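Open the model in your viewer and keep the selection tool ready. The tour goes stop by stop.

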Amino acid sequence: MANINIFALGGQDENGKNLFVLEVEQDIFIINTGIAFPINDRWGIDGIIADTTYLQKRKDRIKGIFLTHAHDEAFAALPWMIMDFPGITVYGSKFTIAVAENRVSKYKINHTDYKFEIIDEKNFGKVNVKSFEVANSIPGSLAYNFQTLEGDIIAMSNMTIDDLGPYGKTDLEVIKNNSKDILGLILDTRRANYNGKSADKKSINNLIESTFEKAKDDERIIVGAYDEEMYTIQEVIDMANKYDRPVAFYGSAFDNLYSILLKENPDTNKPKNLIPYREANNCPNAVILVTGTWSRIYQRFVRVATNNDVYLKIKPNDAIIMVTPPINGMEVEYSQMLDEVAKIAPNILSITDKDYYALRPTKDDVYEITSILKPKYFIPVSSLFRYQTVAGKQAVKAGVRKDKIVVLQNGKVLFLQNGELASQKGKVPYGDVIIQGFGVGDVSYEVIKERKSLSAGGLISIAAQVNR
């Protein structure tokens with residue numbers, strides 16, 4: 001009979017840096033390794049990753065890192081994990097592995113003892129791992145089934161219950177029929193407080209088409225979007241094609257993702273006329289896609305609106321579409337950004353989370369997933385505590401016993417023995433590791449600006465490690 005531990009080193013009651021650990025006897029399976037970006041109370045920082053002290057002391061027991069998808073919150077700490085864990089194998093879909101390899105190649109890693117592997121099903125002795133395609137805003141998203149002697153542990157991150165073609169299909173019946181007794185379900189619940197189903201509000205076509213219809217031939221359309229919401233950005237590209245407008249990508253991360261997408265899926269509906277972003281100012285009817293992470297895109301628009309951007313200038317007759325609903329803690333920055341943009345271009349369409357849902361499980365999705373899969377234990381993850389409790393209530397409605405809902409904080413351990421809850425009192429060390437540099441190891445423009453503001457308003461503390 002197997003002893004099983006489930007815990008998070010990051011991702012619980014916070015935005016990002018998801019890192020979940022499944023221990024089955026002596027075997028350790030790492031599910032995702034993401035990065036968090038600082039909110040307004042942590043200026044001057046490029047990113048934050050999870051403290052992996054616990055794992056570093058048990059390197060020889062790690063079977064691999066299993067990536068569910070290629071969002072920064074799920075995979076962007078990978079370069080540092082590879083640096084710290086020689087011999088590690090990273091598993092994922094073909095698309096996710098392509099993105100991960102590309103990201104890792106931009107860092108100076110002091111060894112080559114690591115590998116990437118596309119996974120369908122693989123046996124690790126006492127644990128057999130199966131992957132399942134799920135629908136998401138980015139291609140190649142997977143759910144995993146870790147099959148143990150005590151039952152199956154299903155891990156599902158960002159996804160929606162839908163068939164999105166090249167962006168994946170979620171078939172809960174397939175997952176159920178390819179599973180035995182589901183002992184635990186680890187489920188992303190960041191949108192569990194949203195009513196309805198995420199698939200019902202996945203499209204922005206009906207929200208943005210009037211802007212395209214009304215825009216004159218000499219009026220540009222500037223669209224702000226999170227670079228990882230590729231399904232949504234594809235809808236903008238399709239709309240630009242419909243109205244015969246050239247498209248410019250202004251954001252290197254999305255440009256890179258899109259290049260990988262076209263390589264993996266050559267039949268993707270591409271822009272009819274893709275122009276370099278440096279020419280966007282001189283193209284009177286361009287659709288300019290300004291993309292970025294949720295922590296930086298508002299600053300990028302402020303930079304443009306205050307005439308501090310080298311390549312992009314907002315014009316008074318530009319139509320602005322913002323598909324960037326703020327996450328918790330960024331509401332003030334979002335409002336300030338809209339004010340700055342409106343001073344120059346008052347024609348702004350701000351799409352809120354009331355009209356558009358990011359593709360993550362909502363209330364009805366949580367209910368449907370738990371009612372079909374019927375897990376014995378339900379573990380909500382990747383969200384604020386209050387959303388995890390909302391998800392727990394939905395799982396109870398779907399038939400999961402109330403005492404089988406386990407809401408974990410970072411570092412708290414769910415210990416299952418012989419298929420039953422033995423303890424929730426265990427703890428492992430966890431914390432934040434602050435990192436400098438993103439993408440190519442450099443410090444971003446926004447962080448430099450933040451550090452200048454900090455230096456003007458206070459003091460700078462410098463810590464130096466000296467080799468005696």
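Buried means under 20% relative accessible area, exposed over 50%, and partly exposed in between, with a 1.4 Å probe and protein chains only. This is a predicted model: local features need pLDDT of at least 70, side-chain atom pairs count only at pLDDT 80 or more, and totals for chains, interfaces and linings use all residues. Residues are numbered from 1 along each chain as its sequence is written, and side-chain values use heavy atoms, with hydrogens and water left out.

**Stop 1: Thr324.** Select Thr324. Its relative accessibility is 0%, so Thr324 counts as buried. Thr324 sits in the loop between strand 16 and helix 10. Helices (H or I, at least four residues) and strands (E, at least two) are DSSP runs, numbered from the N terminus. Now show contacts (heavy atoms within 4.5 Å). Neighbours within four places in sequence aside, Thr324 touches Gly224, Ala225, Tyr226, Ile297, Tyr298 and Tyr334.

**Stop 2: helix 10.** Tyr334 leads on to helix 10, where Glu333, Tyr334, Met337, Leu338 and Val341 are buried. Residues three or four places apart point the same way because an α-helix has 3.6 residues a turn. Which elements cover the buried residues of helix 10? Among them are helix 9 (297–305), strand 16 (319–323) and strand 17 (348–350).

Stop 3: Color the strands of the open sheet of 5, in the order 14-15-13-16-17, with parallel pairing. Pairing requires at least two DSSP bridges between two strands. Strand 14 (247–250) and strand 17 are at the edges with a single partner strand each, so one side of each has no neighbour in the sheet. Zoom in on strand 14 and strand 15 (residues 287–292): they pair in the parallel sense over 4 bridges. Ile288 in strand 15 is the bridge partner of Ala248.

**Stop 4: the cores.** A nonpolar core is a set of buried Ala, Val, Leu, Ile, Met, Phe, Trp, Tyr and Cys residues joined through side-chain atoms within 4.5 Å. The largest has 98 residues, and Leu55, Leu78, Phe95 and Met230 have the most contacts inside it. Helix 7 (residues 230–242) gives the most to this core, with 7 residues. A second, separate core of 29 residues includes Val127, Tyr144, Leu183 and Val381.
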